[in-house]
Amino acid sequence: MSWENILKQQERTFIITDVDWDMSLESDETDEAVLLWMVNSVTAKELEIEDGDDKEDIEDELGSWISISTGWLHSGFTWYEITADGEKRNWLNPAGDYDVV
């Protein structure tokens with residue numbers, strides 16, 4: 001899904017940009033996982049994330065969603081948010097303000 005389509009949704013959306021898959025996966029499973037998860041997105045509504053949820057709550061929900069969606073374990077992931085107003089919010093690098101997309 002492109003960021004233009006996400007903006008059209010006007011819904012709070014989380015973008016997963018990279019997943020570190022559990023090293024116990026077989027090589028072919030890891031290759032398949034990488035192909036599926038190069039970039040993926042999910043809305044706050046789908047995850048039942050509330051406006052007041054903090055970074056840890058969001059990461060817990062995103063991590064569970066990744067594992068449930070793929071059936072594979074992961075050791076970490078990177079992500080950011082596109083707000084309903086179309087602003088990019090990088091929770092992992094909070095030094096800057098929102099970036100307008």
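Which residues have the most contacts inside the largest nonpolar core? They are Phe14, Ile16, Ile58, Leu62, Ile66, Phe77 and Trp79, in a core of 16 residues. S1, H3, H4 and S3 each supply at least two residues of this core. A nonpolar core here is a set of buried Ala, Val, Leu, Ile, Met, Phe, Trp, Tyr and Cys residues joined through side-chain atoms within 4.5 Å. Buried means under 20% relative accessible area, exposed over 50%, and partly exposed in between, with a 1.4 Å probe and protein chains only.

This is a predicted model, in which local features need pLDDT of at least 70, side-chain atom pairs count only at pLDDT 80 or more, and totals for chains, interfaces and linings use all residues. Residues are numbered from 1 along each chain as its sequence is written, and side-chain values use heavy atoms, with hydrogens and water left out.

**Overall layout**

The chain has four helices and five strands. Their order from the N terminus is α-β-α-β-α-α-β-β-β. Helices (H or I, at least four residues) and strands (E, at least two) are DSSP runs, numbered from the N terminus. Of the 101 residues in the chain, 33% are buried. Contact means heavy atoms within 4.5 Å. Among contacts with a separation of 6 or more, 65% join residues 24 or more positions apart.

**Helix H4**

H4 covers residues 55-70, and its 16 residues should span 22 Å at 1.5 Å a residue. The expected span is 1.5 Å times one less than the number of residues. The end C-alpha atoms of H4 are 22 Å apart, which agrees. Ile58, Leu62, Gly63, Trp65, Ile66 and Thr70 are buried in H4. They cover an arc of only 160 degrees around the axis, so they sit on the same side of H4. The arc is that of the directions from the helix axis to the C-beta atoms. An α-helix has 3.6 residues a turn, so residues three or four places apart point the same way. The face turned away from the buried side of H4 carries the exposed residues Asp60 and Ile68.

What do the buried residues of H4 pack against? Their partners are strand S1 (13-21), strand S2 (40-43), helix H3 (44-47) and strand S3 (74-82). Phe77 contacts Leu62, Gly63 and Ile66, among others, leaving aside neighbours within four places in sequence. Just after H4, Gly71 takes a positive phi of about 80 degrees.

**Polar contacts**

A polar contact is a pair of N or O atoms within 3.5 Å; within protein, one must be able to donate a hydrogen and the other to accept it, and residues adjacent in sequence count only if both atoms are side-chain atoms.

| Side chain | Partner | Distance |
|---|---|---|
| His74 | Ser67 side chain | 3.4 Å |
| Thr17 | Thr78 side chain | 2.7 Å |

Arg12 is in the loop between helix H1 (3-9) and S1. Arg12 counts as buried because its relative accessibility is 12%. Not counting residues up to four places away in sequence, Arg12 touches residues including Ile58, Glu81 and Trp91.

His74 lies in strand S3. Among the residues it touches are Val19, Trp21 and Ile66, again not counting residues up to four places away in sequence.

Thr17 is in strand S1. Its relative accessibility is 31%, so Thr17 counts as partly exposed. Thr17 and Tyr80 are 63 residues apart in sequence, with C-alpha atoms 7.9 Å apart in space.
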